[in-house]
Each structure stands twice: as structure tokens, then as C-alpha cells.
Amino acid sequence: MRFSIITPCKIRDRKKIPLLLTNLEDQNFNDVEWIIAYETDNTAKIPKITSKAILTRPLAIPNATTGMALNTAVEHASGDYLIFLDADDLLFPNTLSLVSDLLKEKDRALIDLSVYPTYEPASTILHEIAKDSSFLPKFGGVTFEPGIQSSQATLAQNFKNIQASSSVQLNIFKASKRLTNFYDQLYITGKIIKRTLLVQSHEKFNQTNPLDYSNLLMISLGQKLDSFVQLSSPHYIKIRHNDPINDPSLSQSSDSQKWFFMIQNWIDTLQGLHSAIWKDKYIKQCLTYLTTYLCTTLADPEILGAQLKPILNLLRDWLSVLEPKYLKETKLTTRRILQAILQGKDEVAIRRSKILKLLRQINRFRQPGHRSFSSISRLCYQYIFTKLPVKKQVIFYESFLGRNISDSPKYIYEYLQKNYPNKFKSVWVFNPEFMNKPKKAPHTVFVRRFGLRYMYYLAISRYQVINMRQPKWFKKRKGSTFLATWHGTPLKHLVFDMENVASANPLYKQVFYHQSRQWDYLISPNQYSSDIFEHAFMYPKQQMLPTGYPRNDILQAPNKIERAKIIKKKLGIPQDKKVILYAPTWRDNDYFEVGKYKFTLKLDIAQLKVELSKDYVLILRTHYFIANQLDTSEFGDFVYNESTYDDIAELYLVSDILITDYSSVFFDYAILKRPILFYVYDYEEYADVLRGFYLDMQKDLPGPLLKTSDEVLNAIKHLDLTQKKYADRYHKFSARFNAWEDGHATERVVNKVFSKSLKNKKIK
Ligand code: C2G
């Protein structure tokens, strides 16, 4: 028995092919012919592909749509069964042998391999399934909910829930059962079809519709078969796209494209439907989709742009052939929109959609979980505050989501307060969960995050100075300026440089993209960061401010020794004691629940205390994501837990040595030219993450990588030696990362961003 695997592939997706090749070669079934149907233009060359294990047949199909590519591939296929896979799909290692056994038992015309959808990176999946080729998963497709943590550990756990291959069965549905949600089953990928069925029926993929090319074909085949057969556990791994900006899946294409071709497809499909029961079901499913989504899209008609009219015309064509009973079955609010479209009153339809959107929002807020004060504030933001004029001299500041007054926003604020007193009204965000409301300051108001005043000032401020991302629903106002300060030189791959972002919202990249388009300026601390931000954020270099970080000016201040003394006094640290600052980062596999990370102290502080407390104290500073307050009371006055201290730069200033791990803090600390030790006790465990670093930890860092507390202690005891050994590297490191940090970054940022307002009149 031979399988012809058919993969349509746009030329830009060709880099995905090697992973699927490895996956197919790993199958314990070899009578496979793999037809890769490249949709090329006339000039593009298709890549060579060789394999000892399977027969590979790349085809170039010039100027093809996916439908054309598939039709050509079917004509070339010689296998008994055709299996359709996209370039970024994967199979489990024994899927083909299992299916061949099942087919030998009883011939089937069409089998659904049953989908396992995931946002995990393809390489991680391959790694996991290569570990044990004898298993079959039986955990059901995991649909990823935004915000829910998924990690390699959970994936491995899923894969551990393996059943022996004998337990996989075929679920056989009669036509009527199959009709439940059959719209989802119209995709060709993950299906096995008997070749003769396709050839003899003369069914073809739609060659003109680039989005829905298989629906009509699947419906036609479905009407011919009296049952629908599906594997009882998932065997077809669908890697969901989470980069809708650079690599959109078909369903993630722009709204205007999607709606146009979808409705076109509804029209075509309706013509091909003969069975009354199928027709009824199909119309109802389309109407549900339409009333759920299109009315929301119509409320913002700019989204559809020039396609608005053609889409509404198509929709009118489709609605006009439906029997009136279908419209009558829809809810009154949506029915009135559809009726307006049907009558050619497009403006009325849009107006009614806007009202429906508002009604839906209000309705959501009436539900128990949503009836919070911040939901009401948000409604006020959307419908009232953003309609008020922008106020010229108001600056809105937020640092680390309102956890403290710190980082570059703080230094920009202080600089403006000092040099341009009375020019601006400043608004600082604070989150009462993490900090108390700060003391009064001139021309400054403090607003609770997501409260009513927060919403008001966010809407009317002329400037926003924020060091992380703004809320998704933030509306950029005309006449306002957004200064993104960001919060560190990147070490770990960021956004578009990451493969799939399994631990974040699946739409993370898209959301990030839209948020960063609202940034008028992005501060860059060094050339290295500018180069990275350009690809990782897809952010234009001409909008970056190559100034260095305002937060680091303090580290070059002429009076930094005196300032350090004052801060030491404030912290209660004896002036004659030297200070070790231990500032590790967070670990994404160590958390209590979503967004609440924990930290387990692995540094042997008791030992450090015994050996070092005569000369040193230790400041412990955990990352702002860490939710657990570590109890350090047993170490007495040796340890100062400053995890909630607002500004880490002040802690840098008082410390003599920094111990960190994978945190970006060392890029800033190096400005002080003081010793840095890297306590990376989980280096091996971190290996997967390390592969996603921009730097080579072994070669590029300005200090030693230490894996045990003993090694840390030893390095501190022989600090001179350690420093000597790393002097050369430290020198190179400073030149590469600290060249712009001359103590005047804030001044440069202010002159560039606020110049227009600096000449304005004083505020009252
Ligand atoms: N930070 C801190 N205390 C720590 C760790 C970090 O105050 N123990 C602050 C520092 O200002 C640091 C910033 O938080 O520069 C970012 O912390 P990282 O540990 O580098 O991690 P992350 O928040 O993931 O940001 O481009 C930078 C990256 O986005 C990293």
C-alpha cells in the first residue's frame, strides 16, 4: 500500500519543508511518495530535496493558487491513498503504519486523522516525539486558551499519556452525526482520501478562491459517502500560527480578504449542495458565523476599507437566495442588520452594527465576572474620555505596570521637574497591590492603575512615557506622542525572533506589533539593541532614539559616591560594609499560576554569611514578576531583602559586586565597571532557553559562569584574580554595550521628544 502525501507550499514557506521531511522519514512506514506542490512565480527556483527513506517529488507550479497546486499534485500522485498535509504540519511516528493496518482490515474512502492543535514550536514537538517512537497519544487535542501556560513540561506530560496503538479505533459517524460542526471538517489537511474516489468523481479543488479551496470538494465527497470516519485519538499535529504579521495562516489573512473570499465560497458551495439536510445545516452554520463576527467588523467599517462595498454586495447576493425562514430564525438585533443589507441600506446596517457592538459590550459588563469598576472605567475611556481634547502639557508615566516609580520614566520625570518646573502636569500610575500611594509632589497626580482617573489621564495626556507595553485597548490620539522607554538590553530572543511563543497569548506577536506601531519613539541603550529591536520588534530604526538609557545616568553622575552613601544610610547598611547585590531573573517554568512566578533561593546564603559577613552584607533583589516574598529573617543583618525597593539603579550604586544570572541587569551594572558574577545553577536545564539567546553566555559575558554556591564564594574570596581573568572581556563588553551611557541620556531624550512643549507657557 502506498501513500501519496500532498503538501501545497508557498515559496516563502519553503524553510518549513526540512522539518516535515525529518518527520516523514521518522515514520515506521516507508512506502511513501511525498509531492510538494510549490506555488511559485515564474522566476523562483524550487529547492532540491533528497531523501533515502521516502520518494520525494517536488513540483513547481508557476503562478498557482493553492487549489491549482493541489489539483496538479493529485494528477501526479500514484499512491493508493492521498494524505494532505500543510508544510508546518506533523504526524506522530507511527501514524502511517497504523492507518495502513486499519485500511488493510477494511478499505475506507475517507479518514479524518483527528487533529492535535498546538501553539508549541514545531522543533519542540519533533524533539518530544522523537524520544519515543512507539507511542500514540490519547489526550485529545489541546486547544490553547490565551493566557494559559503551556510549556515543554506540559507537552511532555501530554505525550506521556500514551496509549498502545491497539487502542486506537475508528469512530464511524452516520451522515446526520457528521453534520454537527461539519464546517470545521471541510479542511483538506489531515484527511486521507482514496485516490480512485477523487479521480473517478472528477472533483477538483477550487482554483480561484485562495482561502476556501476545499469546502466544495469535501461537501461533494461527503454527500456521496454515507459515513464519516475519524481516528479516535489525534494523529495529525497542526502547529497553529502565532505570527499573523509575517506568517499568517489563511484564517488570519486581513479581514477584508477573509470576508470577501469566505462569502464567495458560501455562494459557490450553496450551488453545489444537493442534499436538503446538508443545505439546511450549512446555511445555519454560515449564518451563525456571520452574525457572531461580521456585525462586529461592520461596526468598524474602516477595517474593511475599499472592500466594504464589494463584501456587502456579495453578502446581498448570498442573502437574497436564502429562504426567508432562515433570517427569521436569527435574533432581532442581527436580523435588522441583515435586512438592511438585503435592502441595500448599507449605512443603516453599519449604524445598527455599531449599536449592536455597544449593546454586546454593555451586556458583557452585566455578567458577574465582568461587573468590575475597571470595566466601567474602560467604557468611559472608550466612549467619553477619548472624545475630550488632548491636553497639551500633561505627561502620563508608567513603570513596570505601576509596580513602582522607577526606571527610565522616573529619570525623565525628575529631569523635567528639575529643569522645567511648572511646565508640565505629571501623572504617575501606581498599582496598590504592589505599592502605597506615593507622597505628594508638585504638579503631580498619582492615579490607581485602571481606575477612572487613570483612564481619563491616559486619554487626554499629550505624552505617554511607558517602559512596558500599553494596554491592548489603548487608543492613540491625534496630537499625542508615545515614548516607549523599554526596560533592558535584550538577552533572550524577543517577539518576532522567538519561534512560537507557547507561554504567551497565541496572538502575542500580532498584539505586540499593533502596540508597537503606536510608539512614536523607542529608546535604545546601545547599537546592539537597536539592531535587535529592528528585527525583534519590526520597529523602524529611524524612530529609535540612540541615546542610552535615562535610568543609567545616575551610574555616571559626578556625585555618585555621595549619593551611594545617602542610599546606604536610607537602607540601614553600615557604611563600612561592602555590598553584594544578588539580582536574579524569573523562570518561566516556575510559577504558582498564570502570571504569578515564584523564586526558589538556590544560593547558600548561610554559607556566605559564615564566610563573608565580617566584610559584606548581601542585598537580595528578586525580579518584579516574582510573587513570593522570600523570608530571609534567619540570616539576620547579613541580608537586606530589597525586592520591593522602587529603583534597582540605586541598589547598583551602593553595591560592590553583582551576582546575577540571565537578567539584563548586568548590561547596566557594567557601566560601573565593578565585578559581575553569573550564578547559573540551572544552566543545563535552561539549555532550551539558552538556544534562544542573542549572546553566547560562554564567550561574551564580562564575568565567570558559576554553577555552585562554593564557586560563587570562591570567586568573591579571590575577587582580584577573578577581575584580572575577565579584564579583557569586560573591556570589550563595555565598549559594545555601554558606549552611549555617558550620563546625559535623559537630556538627549527630553530635547528630542519634548522640545515643542518646552517652550510652551507655564501651567497654572
Ligand atoms: N529587574 C529588577 N530586579 C531584578 C531583575 C530585573 O529590578 N532582580 C529590572 C531591571 O531594571 C531589568 C528589568 O527589570 O533591566 C528587566 O528584567 P530582566 O531580568 O532582564 O527580564 P525581563 O523583565 O524578562 O526583561 O529586553 C529586556 C527583556 O525584555 C528582559
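1. A nonpolar core is a set of buried Ala, Val, Leu, Ile, Met, Phe, Trp, Tyr and Cys residues joined through side-chain atoms within 4.5 Å. Buried means under 20% relative accessible area, with exposed over 50% and partly exposed in between (1.4 Å probe, protein chains only). The largest such core here has 99 residues. Within that core, I412, F537 and F754 touch the most other members.

2. Basis of these notes. This is a predicted model: local features need pLDDT of at least 70, side-chain atom pairs count only at pLDDT 80 or more, and totals for chains, interfaces and linings use all residues. Residues are numbered from 1 along each chain as its sequence is written, and side-chain values use heavy atoms, leaving out hydrogens and water.

3. Confidence. pLDDT is the predictor's confidence in each residue, from 0 to 100. The chain averages 87, and 88% of the residues score at least 70. Two stretches call for caution. pLDDT stays under 50 over residues 132–153 and over residues 157–166. Where pLDDT is low, the predicted coordinates should not be read in detail.

4. Overall make-up. The chain has 29 helices and 28 strands. Helices (H or I, at least four residues) and strands (E, at least two) are DSSP runs, numbered from the N terminus. Of the 764 residues, 55% are buried. Take contacts (heavy atoms within 4.5 Å) between residues at least 6 apart in sequence: 74% join residues at least 24 apart.

5. Leaving out residues up to four places away in sequence, I412 touches Y397, V465, L483, T485, I523, P550, T746, V749, V750 and F754. A second, separate core has 62 residues, including L59, M218, I283 and L314.

6. Helix 13 covers residues 332–342, and its buried residues are T334, I337, L338, A340 and I341. They span an arc of only 155 degrees around the axis, so they lie on the same side of helix 13. That arc is taken from the directions from the helix axis to the C-beta atoms. The buried residues pack against helix 10 (276–299), helix 11 (308–320), helix 12 (324–328) and helix 14 (346–366). Just after helix 13, G344 takes a positive phi of about 80 degrees.

7. Q230 sits in strand 12 (residues 227–231). Its relative accessibility is 18%, so Q230 counts as buried. The Q230 side chain makes a polar contact with the side chain of D112, at 3.4 Å. A polar contact is a pair of N or O atoms within 3.5 Å; within protein, one must be able to donate a hydrogen and the other to accept it, and residues adjacent in sequence count only if both atoms are side-chain atoms.
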